[in-house]
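I opened this notebook to record what I looked up, one entry at a time. The structure comes first, then the entries.

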Amino acid sequence: MRLPGWASFALSSLLFSSLLTGAVRPRYGGTLTVELSNAWTTLDPNSFKTALSVPIAETLVRVGSHGEIEPVLVVAWQHDPDFRRWRFSLRPRVTFHDGEALTAATAAPPLLAALKQTYSDVSIEAGGQAIVVHSDHAMPELLAELALPRAAVFRKSDTNALIGTGPFRVTTWDPGRRLTLAAFDNYWGGRPYLDSVEIEFGSGHGRADLFDIPVGPARRILPESLATWSSAPRALLAITSTNADPVLLQALALLIDRVPILNVLAQHKGEVAFGLLPQWLSGYAFLFQSTPDVMHAKQLVSSLRLGPTSLSYPADDLFLRSVAERIALNARDAGITIQPTSAGNGHLRLMEWPLESTDAANELGRIAEQLGASDRARQLDAAKPETLYQVERSLLDDHRIIPLIHVRETYGIAPRVHFQSPTSDPFTLHLEDAWVQP
Amino acid sequence: MGTTMNFRTKVFLSITATVILAVWIVAAVVSTLVSQSFERRDAQRTAALVSQLQREFERRGSDVARRVEAVANSDSVQRLAVNLVGPAGGQLDTSQYFAAAQTLAQEQSLDFLELVGPDTAIISSAEWPARFGYKEDWLAQPVDWKAQGVFLREEHLADGLALGLITVRTIAPSDKTLYVVGGQQVDSDFLASLPAIEGVRLELIRDFDMPQGLAGALVADVRREPRELKRVTDATSITAIPLEGRDKQLLAILLVENSRAELLSLKRYIQETAAAVGGAGVLLGLMLSFWTASRVTRPLRDLASSVREVALGKWDTRANVGSSDEVGQLARDFNGMTEQLVEQRDRMIQAERVAAWRELARRLAHELKNPLFPLQITIENLQRARAASPEQFDEVFRESTSTLLAELDHLKTIVGRFSDFAKMPAPQLERVDVNQMAREVVHLFEAQLQAPGRPRVETKLQLAAEVGEVLADPDQLRRALRNLVLNALDAMPQGGTLTIRTARHDNKVALEVSDTGEGLTPEEVDRLFTPYYTTKQHGTGLGLAIVQSVVSDHKGTITVHSEPGQGATFRIELKANA
Amino acid sequence: MIRVTFALFFGSVLLLPAQTTDQSPAQTPPEQTMTDAASQLASRISSLLPRRTPVSLEAQNLSQLSAAEWLSFRNLLRDELRKLGTETAGTPPESGSPATLARVRVTLSEDARGWLFVAEVSSGDNRQVAMLPWKQPSSAQTKRQLSITKKPLWTQPDPILDILLTDSGAQMLVLSSDKLTSYLFMENKWMLSATASLVLPRPMPRDPRGRLEATPDGFRAFLPMAICQGTFKPELRLTCVNGTETWPDTQVRWIADRNTLESDAMKTPFYATANGLFSMTDGRVQDRSGQPVAGSEGWGSDIASVEDPCGSRTAVFASSPDTGREEVRLYDVVSGQATPASDPTSLPGPVTALWPSEMHGEATMVARNLQTGQYEASRLGVVCTK
């Protein structure tokens, strides 16, 4: 299978660093220290929306880097022609971190809870190593649902700790401050190379083996020889509104010059976005391209009686604040007054929408639901990209959202850190593939 | 009749007034001199202040230039300049320098810092980071920016315009120029950072500001025609300094408000001190003058007291001679005078007595001669009759004895008058309505005045209603008044006008009896109240003496005013009954 | 028969095909040749146009398809449109020109699953979009030409641990991380003969490694947690037992459940050994005495020795990433000094296995193609060019 060209960028920087050391084969042992600027306050798998994968719990299947469904905890599945009844065969000899075997009985409860969110009448029969999912309604996208983080299979211990089947298990958890993981020796996919992973949140020391480099100008001095890994563009930076005049948003969309925002403010870490899905995911994002048209924007707003419009951004996010200020500057060229504010109740909101998977239809459906267009989400047919295009087109034509850029996630990697080469997933950085030199 | 100010009071007031005047003059002069001095000083201070501010501005400007120079010479900026003009300069990705200006500005404590490329597009902006890529076309002017130095300029910020002290440095490794535009914001914080001068307030007025009151008028004037202006009030002086940009456009106005509170305070202090000192001086003067007056006037008072005693009749009063100065000499002279007066009085009394005896003898002789001569004649007639005509003796004896008895009565009357005069009793004081008494006395004489064949005498009563009552013996007073009326009538044998007046002055009641007779000469006036002195051809001459005695017993005074040919006015003054 | 036997032994065999064939609709599209893709796309474009409407055709390539292939596709598309009665012009219509009424812009883009054709059909103010996902056949994919010392053997998506050619090269055993597959070379290609699952006592390490060795009556597979004995004639059979065993030829053995080796001569774990040299876990290459080999700086973890056809020396294959690219090169190692003995041969990706083969003078090399994600097994030979 061909790896798209966009992936090569993501891979090249990693290759360079790992190759410098000349050690290609991974080495067992060691502890990887990780620093993340945004604190995690929960280990709920559904809350992990970054490129850094912390595999504690696993789903039955996952979406591969090419959008295909890959088996994880199941090895095979069949469905009836109406997609109402699905049968899954669990992978044998899979255990939870506490040694309990993965069976249909233990997997069924979290699955049912997750699937109920989409299929209200779904039921699950669990027997041995087989799970049967049944609904009175067709579930053609069931696999995509089962690949979502919320469908991860896990249990809670007596102390409410997360027990999964993934390559790492939780040893200590201090919400918002520190998470320590240890290798799960009996992981079905092979024990990870690392003995342990220590993740600290918000410390900002810059001495960790792996640390995220937030979008925007570097806030700390990074060595020029620092190896980095950047994901494919996986977060949409957009302006949304629920009550502002759509004509205003239409005008803003014509005013905003995305290229400086990407090149300067985001330091090239991404690509301009005219559509909701990035080009590498949808393949048709180029159809939405446009160029700034200040004259047309002025004509649009000339009919409006506009007062100052507030544009809110998350407090303490310097990058989004700089973007908001740039937007305000662009708007001023057409006589529109935009007031950036860190108070959360602005007329307009500037926010990042992270992608959660490489399933374009699933992602677009999720965006449609968040924009209040659930009906259009039901029109999506993953096998027919035109449906995605049409839904996306209609969402953009509602003028409730202005895509700006799709940003990458970038991580700094210490020289002693390597990833089993190559990591062919430019969407996610897998800790289970990491190893360190002493 | 007002209160007479005594000598001590006059001296006291004089000295006090002198002190007060002196203090006031000194205070006024000092206050004026101080005021003028402070005005001069205030003007000098304001001028020095403005000059100091200007120097401070220049110093800040030099500091800004130095910092911007440091930025321009920094490694990162030099590297940027080189990269810009390098082989890939045209396509150099300047995004990596996006945050450079902020970092450099923080290092050099600059409020404004922009790195601008050869195409005048902003590469990095510290004050408005989002403005990268926008053009600063004004930099393209053919100007020697270093020679331009530091200038004021309005800088664009996200929330409006701000005034800045700006300078530009250029780095031109080749034909392409990198501009470094940096500066400090001129705002209230900038002003607050200037060395504080007590009493001075600085305010920066921008285009959209309009202060109230005097400052507002000043600002309006400067805006019309930019130049340095000053306005002064009691409380403050305000100087408006126009702040112009490179092209001489008015960007802002700096108001330097110099409080005159110190001056006012000092003036007030001086005034209060002067008032206090003056007050103290006055008080001291009062005390001093009081003491001085007392001390100076005491001999005089003593002397006056002695004089009063002399006036009261104690002619043997001796004044204290407490000093050897003029006052002492005066006292000595007074004593000498009183001695002489006593001697003279004694002599005069003696003489008066002799004169009075002589007069009395004369009057007696005169009075007695009259009845005695007829007695003698009569007796001689008797003798002759007996001798000559015994048959007519009985008739002659009867006529003669009648005449003798009549003349003996006359003698008895005369003796009675003298006896009465000699033993006039002490007055029995009671409340007497003077006006009523005057009316009654006039009424007594009405019949006599209206007798036929008598020359007409008109009576006038001018009685003041407020006269009231006096404490007097009504009989004696009536007698005295009657005597005066008789005297007045006697002075108008051909008729005339008899006027009786009463009046009240302070606590004195005046009773006047005026006639329109021939009047009296001054000598006659002097001797008028001498008993038995009379200008009349008949009478005992005791009438006015009795009046005087009565008045004297009532502790009053009697005066006479007359000029020959204009009648006479007798005035009795008695103490009113309050 | 074999399948049934295997079904008795390894119950999961029948399931394996389901894993690959029973997919949800949201999977990657079926493979299509370029011609088929052009035909299908032309059909979709024509369906959006009134019949026999001339169009101006623009094309842009946003993918990594080569220029030559792209030109080829455009020509194919034009031909297919013509067949459907739609004439094309290469230039866009000028404003007001009555010659063409429609404008078609075809873009070859890439999405997460692969290539995507996007056709924008504009007619007046009307604009429609048609899309066609495209998956090229594997055989048509561009391969990099390797160095002349490299002979490709087999390519598969799963990791290849080792390859053993038997029966004079007529049979090939491919050791994967979870199975052993036998292929027979027929009709000029390798045809699947049999597959045997590896029933292992414990999961394979994350960096799966294994070694095949021919035995007189079959083969042995040395795995980090098991030794498997097998035969391939008359049928493929495999029996695995727990434990590790010293390899006869090199006297090394796996360290249990790891990707490292040990030996009596070298107690410290190492990744590979060749000609008395050991590729250590710290990245150094050293001899038995522990002395580092000069000139080996930057070598990869995998080394293998071959007989030098130009002499009696033993040459060592080593990957050399110090140039920033995956390469393999031949070195002479004399007296602790390694010197390059050949030009470097570029590889499509990192080396995942490098073993001396059963053929003298050759080594089996497996590299992962970064572009395709496939594991490509090759035989490295040494050709003497002097």
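This is a predicted model: local features need pLDDT of at least 70, side-chain atom pairs count only at pLDDT 80 or more; totals for chains, interfaces and linings use all residues.

Entry 1, a helix pair in chain A. From α4(A), I listed A:Val247, A:Leu248, A:Gln250, A:Ala251, A:Leu254 and A:Leu255. They meet A:Val294, A:His296, A:Ala297, A:Leu300 and A:Val301 of α7(A). I sorted the residues of this contact by type and got 9 nonpolar, 2 polar and no charged.

Entry 2, the geometry of the pair. Two packed helices are described by the angle between their axes and the distance between the axes, so I looked up both. Helix α4 of chain A covers residues 246–255, and helix α7 of chain A covers residues 294–302. I noted an angle of about 165° and axes 8 Å apart. Angles over 145 degrees count as roughly antiparallel, and α4(A) and α7(A) are therefore roughly antiparallel to each other. The crossing of α4(A) past α7(A) is left-handed.

Which element gives the most to the largest nonpolar core? I first looked up the core itself, which has 212 residues. The residues with the most contacts inside this core are A:Ala251, A:Leu252, A:Leu364, B:Leu115 and C:Phe117. The element that gives the most is α4(A), with 7 residues. A:Ala251 was already on my list for the contact of α4(A) with α7(A). In soluble globular proteins, nonpolar side chains tend to be buried together.

I then followed C:Phe117. Leaving out residues up to four places away in sequence, C:Phe117 touches C:Ala37, C:Leu41, C:Val106, C:Leu108, C:Met131, C:Leu132 and C:Trp134. Another core, of 58 residues, lies apart from the largest one. I noted C:Tyr183, C:Met280, C:Tyr331 and C:Leu354 among its residues.

Entry 4, chain C as a whole. I found 4 helices and 27 strands in chain C. Chain C has 386 residues, of which 41% count as buried. I also looked at contacts in chain C between residues at least 6 apart in sequence; 47% of these join residues at least 24 apart.

How many residues of chain A are in contact with chain B? I found 12, and they meet 9 residues of chain B. On the chain A side, the elements giving two or more residues are α5 (258–265) and α8 (318–332). The largest share, 5 residues, comes from α8(A). By type, the residues of this side of chain A divide into 6 nonpolar, 4 polar and 2 charged.

Definitions and conventions
Residues are numbered from 1 along each chain as its sequence is written. Chains are lettered from A and ligands numbered from 1 in the order in which they are written. Two residues are in contact if their C-beta atoms, placed from the backbone, lie within 7 Å. Ala, Val, Leu, Ile, Met, Phe, Trp, Tyr, Cys and Pro count as nonpolar, Asp, Glu, Lys and Arg as charged, and the others, Gly among them, as polar. Axes are lines fitted to C-alpha atoms, for helices over the stretch in contact, and angles run from 0 to 180 degrees between N-to-C directions. Angles under 35 degrees count as roughly parallel, over 145 as roughly antiparallel, 65 to 115 as roughly perpendicular and the rest as oblique. A crossing is left-handed if the near helix is turned anticlockwise from the far one by less than a right angle, and right-handed if clockwise. A residue is buried if 20 or more other C-beta atoms lie within 10 Å of its own, exposed if 12 or fewer, and partly exposed in between; C-beta atoms are placed from the backbone. A nonpolar core is a set of buried Ala, Val, Leu, Ile, Met, Phe, Trp, Tyr and Cys residues joined through C-beta atoms within 7 Å.
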